[in-house]
Amino acid sequence: RLPDSGGYLTLAIFDTRGKLLDMLYRRELMFTTNGTIFWDGRVENTPARTGMYIVYLEYQYQNTTTRAKKTAVLAR
C-alpha cells in the first residue's frame with residue numbers, strides 16, 4: 001500500500017550482501033495506492049537460489065520520500 005497515488009516508485013531486490021539483483025521499478029509513476037507486485041525469482045533469466053533476499057522500496061510523492069526495507073524468503 002502506497003501513501004498516495006501520483007508518486008514515483010522504485011522497487012529493487014538485493015541479496016543479503018547488498019548486491020542488486022533485480023530492479024522491478026525504477027522511478028515509475030504510480031496511479032494507484034493498492035496492489036501486488038510479483039518477482040519471478042529470476043536474476044538475468046536464471047532462477048535465483050533459495051534463500052533470504054532484501055526488498056527495497058522508495059516512493060517519492062511531492063516533497064516526501066518514503067523508504068522501506070523488508071526481508072523475503074525465496075523457497076522453491
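1. The hairpin of E5 and E6 has 2 residues between its strands. Gln-62 in this hairpin takes a positive phi near 55 degrees. Strands here are DSSP runs of E, at least two residues long, numbered from the N terminus.

2. A word on the source. This is a predicted model, in which local features need pLDDT of at least 70 and side-chain atom pairs count only at pLDDT 80 or more, while totals for chains, interfaces and linings use all residues. Residues are numbered from 1 along each chain as its sequence is written, and side-chain values use heavy atoms, with hydrogens and water left out.

3. E5 covers residues 51-61 and runs antiparallel to E6, joined to it by 11 bridges. Two strands count as paired if DSSP finds at least two bridges between them. Gln-60 has Thr-65 of E6 as its bridge partner. Tyr-59 is bridged to Thr-66 of E6.

4. The other hairpin is that of E1 and E2, with 5 residues between the strands. Gly-18 takes a positive phi near 95 degrees there. E1 spans residues 7-14 and E2 spans residues 20-30; they pair in the antiparallel sense over 7 bridges. Gly-7 has Met-30 of E2 as its bridge partner.

5. Which residues make up the largest nonpolar core? The 6 members are Ile-13, Leu-21, Val-43, Ala-48, Tyr-53 and Leu-74. Such a core is a set of buried Ala, Val, Leu, Ile, Met, Phe, Trp, Tyr and Cys residues joined through side-chain atoms within 4.5 Å. Buried means under 20% relative accessible area, exposed over 50%, and partly exposed in between (1.4 Å probe, protein chains only). Ile-13 touches residues including Leu-21, Trp-39 and Tyr-53, not counting those up to four places away in sequence. Contact here means heavy atoms within 4.5 Å.

6. Asn-34 lies in the loop between E2 and E3 (42-43). Asn-34 is partly exposed because its relative accessibility is 47%. Arg-1 is 33 residues away along the chain, yet the two C-alpha atoms are separated by 4.8 Å. The Asn-34 and Arg-1 side chains make a polar contact (2.4 Å). That term means a pair of N or O atoms within 3.5 Å; within protein, one must be able to donate a hydrogen and the other to accept it, and residues adjacent in sequence count only if both atoms are side-chain atoms.

How values were computed:
Helices (H or I, at least four residues) and strands (E, at least two) are DSSP runs, numbered from the N terminus.
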